[in-house]
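This report goes through one protein chain, element by element. The sequence and the structure are shown first.

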Amino acid sequence: MRRRWSLLAAALLVTGTLVPAGPAWAAPTFKVPFPCNQSWSGQTRSDHSPANAIDFNRTDDLGDPVVASAPGTVDRVTDLGGTSYGKYVRIDHGGGYTTYYAHLNGFNVSVGQQVGYGKVIGWVGSTGGSTGPHLHYEQRLNGDDIKVKFNGTLALYWGTKTYTSGNGCSSGTGSGTVDTAGSPLTVRSGPGTGYASVGTVADGAKVTIGCQTSGTTVTGTFGTSAIWDRIGSGRFIADAYVYTGHDGYIPNVPRC
Ligand SMILES: [Zn+2]
């Protein structure tokens with residue numbers, strides 16, 4: 001047994017595949033392969049090839065952007081023509097994990113490129129052996145397709161489910177300027193006029209907005225809106241009185 005092992009070890013060393021003993025790499029945190037806040041219908045079915053792949057659709061999805069589901073290095077940008085995956089991208093996430101994005105309409109990355117969450121890698125198409133626009137998506141470990149997880153949660157097997165993307169959503173903050181045309185603006189403990197008053201902010205004050213959510217509809221300086229801005233722990237103000245430079249939600253500011 002000793003001898004056989006050393007021969008094996010020597011062979012592995014020669015081919016450069018011997019890796020030090022150690023704990024298995026943790027799986028990357030994969031996210032839905034579409035931009036932040038988009039909702040897509042994802043279907044799994046046991047007669048799919050490979051079985052654990054997900055086909056994603058939404059209305060009028062031809063040409064919609066597809067994004068990297070985790071950071072990694074693009075290692076395939078391949079066009080198989082009218083068969084199989086058609087135009088597809090593979091991303092190597094390390095630790096033996098890869099993801100596949102197939103039937104693309106076009107590519108937005110090249111081999112060797114480093115990508116992060118939310119990076120557009122291509123566009124939804126119907127290339128290869130596809131009968132209509134959709135994204136065919138796979139997660140693989142050491143080449144074997146595995147059941148897909150998003151944020152560590154198993155996808156629905158088998159069936160169709162709506163998945164909302166949290167991919168590339170910035171955890172950044174927004175900023176705004178309170179404009180009440182005079183009086184101080186009431187700060188509430190929650191996103192609505194029914195919540196307790198916990199203070200005020202002066203007209204003209206600059207505020208940092210950590211997240212936004214919907215609550216009581218308020219008519220203010222900037223029109224009518226149900227958006228409330230969280231400006232601190234347990235501190236919300238009506239967005240209708242805040243100049244943020246955006247009519248609706250501020251892009252890249254998360255929902256509370
Ligand atoms: Zn498919």
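## The sheet β3-β9-β7

In this predicted model, three strands form an open sheet in the order β3-β9-β7, and their pairing is antiparallel. The edge positions are taken by β3 (65–67) and β7 (104–107); each has a single partner strand, so one side of each is left without a neighbour in the sheet. From one strand to the next, the twist averages 35°.

The antiparallel pair of β7 and β9 (residues 120–124) is joined by 3 bridges. Within this part of the sheet, Gly106 stands opposite Trp123 in β9.

## The sheet β18-β15-β22

Another open sheet has 3 strands, ordered β18-β15-β22 and paired in the antiparallel sense. Here the edges are β18 (206–209) and β22 (242–243), and each has a single partner strand, so one side of each is left without a neighbour in the sheet.

Between β15 and β18 the antiparallel pairing extends over 4 bridges. Gly174 has Ile209 of β18 opposite to it.

## Overall composition

The protein chain contains 1 helix and 22 strands. Of its 256 residues, 38% are buried. Among contacts with a separation of 6 or more, 59% are between residues 24 or more positions apart.

The accessible surface of the protein chain is about 12,900 Å², and carbon and sulfur atoms account for 52% of that area.

## Nonpolar cores

The largest nonpolar core consists of 26 residues, and Phe56, Tyr101, Ile121 and Leu135 have the most contacts inside it. At least two residues of this core come from each of β2 (54–57), β5 (87–94), β6 (97–102), β9 and β10 (135–141).

What does Leu135 touch, leaving aside residues up to four places away in sequence? Its contacts are Pro33, Phe34, Ile54, Asp55, Phe56, Val66, Tyr101, Ala102, Leu104 and Val124. Two of these, Phe56 and Tyr101, are also listed with Leu135 among the residues with the most contacts inside the largest core.

## The zinc site

The zinc ion has three protein donors, His48 through NE2, Asp55 through OD and His136 through ND1, at 2.1 Å from the ion. Along the chain, these donors follow the spacing H-x6-D-x80-H.

His48 and Asp55 are both buried. Asp55 is also one of the residues touched by Leu135.

## Cis peptide bonds

The peptide bond from Ser49 to Pro50 is cis, and its omega is near -5°. Pro50 belongs to the loop that runs between β1 (39–44) and β2.

Tyr157 and Trp158 are likewise joined by a cis peptide bond, with omega about -5°. The position of Trp158 is in the loop between β13 (153–154) and β14 (159–164).

Asn151 is not a glycine, yet its phi is positive, at about 50°. This residue lies in the loop between β12 (149–150) and β13. Is Asn151 buried, partly exposed or exposed? Its relative accessibility is 47%, so Asn151 counts as partly exposed, the exposed class being over 50%.

Ala181 also has a positive phi without being a glycine, with a value of about 60°. The loop that holds Ala181 lies between β15 (174–178) and β16 (185–188). With a relative accessible area of 70%, Ala181 is exposed.

## Thr217 in β19

Thr217 is part of strand β19 (residues 211–220). Its relative accessible area is 52%, so Thr217 is exposed.

Leaving out residues up to four places away in sequence, Thr217 touches Thr224, Ser225 and Ala226. Thr217 and Ala240 are 23 residues apart along the chain, and their C-alpha atoms are separated by 8.8 Å.

Methods:
Residues numbered from 1 in each chain as written. Predicted model: local features only at pLDDT ≥ 70, side-chain atom pairs only at ≥ 80, totals over all residues. Heavy atoms only, no water. Buried < 20%, exposed > 50% of the residue type's maximum accessible area, 1.4 Å probe, protein only. Contact = heavy atoms within 4.5 Å. Areas by Shrake-Rupley, 256 points an atom, 1.4 Å probe, with all protein chains shown as cover. Donors = N, O, S within 2.8 Å, 3.2 Å for Na, K, Ca; no water. Pairing = 2+ DSSP bridges. Axes fitted to C-alpha atoms, helices over the stretch in contact; angles between N-to-C directions. Core = buried A, V, L, I, M, F, W, Y, C linked by side-chain atoms within 4.5 Å.
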